[in-house]
Amino acid sequence: MCATLTPEVLLGLLDRAKSFRLVADQYPEAVQQIEHAAPGDVTLYRDFRITVEEVFRFDPEDTLVFKLRLENAGESEVVYQPQRLAARVGQNVYHASITDASGIIPPQASATGYFAITGTPNGGRANISIKNRFSIIVPRVERDVKLILPE
C-alpha cells in the first residue's frame, strides 16, 4: 500500500465514489481522472447474492472502490463482517483497505455497501483493471457473535 495512503485519504476516495454521479453531471472535468464501470458481476451464496453495481479506479492511489448490492432472499437476516470483505480476481484475493457497510442484510431485503481494495498484499501496486470479472468474498458470522464496530 502506498505510504501516503492514510485512513483519511481512503475515506476521501469512498466519498468521491459515492458522489461520482452528482459530480459527473455537474462538473464532468472533476471526474476525468476516475475510471468507472458498472459491471453487474454477481456472486451467489446459499441464501444471498452480491452484485457489483459499480467499480471506480483511482490510479494515483492504486485503489478500486466497489459499490455493492447485497440481496437476501431468505427468511432470516444475514450477518457478515464488513471489515473482512474481499474481491477475487482470477486466483488473487484482495482484502478491503476500508469499508462502509452495515454487516447485516435484513430478510427479504437488499442493502448497499462500499469497500475499497488497495495495492497488493505485500504493499506493491496491483494495477487492477476495472474490466476484470470480480467475485466478492463475504465472511459470514453467527448472530450471537458481536460485530466489532470502530469507535
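Q: How many residues does the largest nonpolar core have?
A: A quick word first: this is a predicted model, where local features need pLDDT of at least 70, side-chain atom pairs count only at pLDDT 80 or more, and totals for chains, interfaces and linings use all residues. Residues are numbered from 1 along each chain as its sequence is written, and side-chain values use heavy atoms, with hydrogens and water left out. A nonpolar core is a set of buried Ala, Val, Leu, Ile, Met, Phe, Trp, Tyr and Cys residues joined through side-chain atoms within 4.5 Å, where buried means under 20% relative accessible area, exposed over 50% and partly exposed in between (1.4 Å probe, protein chains only). Leu64, Phe66, Leu68, Phe115, Ile117, Phe134 and Ile136 have the most contacts inside the largest core, and its size is 24 residues.

Q: Which residues is Ile136 in contact with, leaving aside its neighbours within four places in sequence?
A: Ile136 is one of the residues with the most contacts inside the largest core. Counting a contact as heavy atoms within 4.5 Å, Ile136 reaches Thr43, Tyr45, Ile50, Val52, Leu68, Ala86, Ala87 and Phe115.

Q: Why is strand 4 largely enclosed by the rest of the structure?
A: Strand 4 runs antiparallel to strand 3, with 10 bridges joining them, and strands pair if DSSP finds at least two bridges between them. Strand 4 also pairs with strand 9 in the antiparallel sense, again over 10 bridges. Strand 4 is largely enclosed because its buried residues number 8 of the 10.

Q: Which residue in strand 4 stands opposite Thr51?
A: Thr51 sits in strand 3 and is the bridge partner of Val42. Also in strand 3, Phe56 faces His36, while Val55 stands opposite Phe66 of strand 4. Over in strand 4, the residue opposite Thr51 is Arg69.

Q: Which residue in strand 9 is the bridge partner of Lys67?
A: Strand 4 and strand 9 pair in the antiparallel sense. In strand 9, the partner of Lys67 is Tyr114.

Q: What is the phi of Asp62?
A: Strand 3 and strand 4 form a hairpin with 4 residues between them. The hairpin from strand 2 to strand 3 goes through 3 residues. Asp62 lies in the turn between strand 3 and strand 4, and its phi is positive, at about 50°.

Q: Is Gln108 buried or exposed?
A: Gln108 is found in the loop between strand 8 (104–105) and strand 9. Its phi is positive, about 55°, although it is not a glycine. With a relative accessible area of 52%, Gln108 is exposed.

Q: What is the relative accessibility of Asn127?
A: Asn127 is in the loop between strand 9 and strand 10, and its phi is near 50°, a positive value in a residue other than glycine. Asn127 counts as partly exposed because its relative accessibility is 47%.

Q: Which residues does Val138 touch, not counting residues up to four places away in sequence?
A: Val138 comes in the segment after strand 10 (135–137), and it is buried at a relative accessible area of 5%. Val138 and Pro82 are 56 residues apart in sequence yet 7.6 Å apart in space, C-alpha to C-alpha. The residues touched by Val138 are Tyr45, Phe48, Ile50, Tyr80 and Leu85.

Q: Which residues does Gln81 touch, not counting residues up to four places away in sequence?
A: Gln81 is in the loop between strand 5 (78–79) and strand 6 (86–89). Gln81 counts as buried, at 18% relative accessibility. Its contacts are Pro139 and Val141.

Conventions: Helices (H or I, at least four residues) and strands (E, at least two) are DSSP runs, numbered from the N terminus.
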